[in-house]
Amino acid sequence: KLSKEEREAWNVPACISNWKNTRGYTIPLDKRLAADGRGLRDDATINSQFAVLSESLYVAERQAREEVRTRAAVQKRLVLDQ
């Protein structure tokens, strides 16, 4: 007869489906990803153009913020002049 520790060591968890959840259980995201097998892949590669895109987005955001500041200052000045 198996002891409680041995039974727990050999316990196979139930299958987790990303498509059906008939009993309405809350399944943690790490369990869903582990069942999906995505964590087993180790072929994550980043495109070399990602740095260029990231820098461009940063510059565009900085420029847009500066334009908004300038526009707000001009509107404030117009309100004060009236």
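Biologist: Before we start, what do buried, exposed and partly exposed mean here?
Modeller: Buried means under 20% relative accessible area, exposed means over 50%, and partly exposed lies in between, with a 1.4 Å probe and protein chains only. This is a predicted model, in which local features need pLDDT of at least 70, side-chain atom pairs count only at pLDDT 80 or more, and totals for chains, interfaces and linings use all residues. Residues are numbered from 1 along each chain as its sequence is written, and side-chain values use heavy atoms, leaving out hydrogens and water.

Biologist: How many helices and strands are there?
Modeller: The chain has three helices and zero strands, in the order α-α-α along the sequence. Helices (H or I, at least four residues) and strands (E, at least two) are DSSP runs numbered from the N terminus.

Biologist: And what share of the chain is buried?
Modeller: Buried residues account for 2% of the 82 residues.

Biologist: Changing topic, how many salt bridges are found?
Modeller: The whole structure holds two salt bridges, each defined as a side-chain nitrogen of Lys or Arg within 4 Å of a carboxyl oxygen of Asp or Glu. Glu61 pairs with Arg65 at 3.0 Å, N to O. Glu66 pairs with Arg69, with the closest N and O atoms 3.1 Å apart.

Biologist: Where do Glu61 and Arg65 sit?
Modeller: Both belong to helix α3 (residues 49-81), and because they are four residues apart, about one helical turn separates them.

Biologist: Is Arg69 buried or exposed?
Modeller: Arg69 is exposed, at 52% relative accessibility, whereas Glu66 is partly exposed at 44%.
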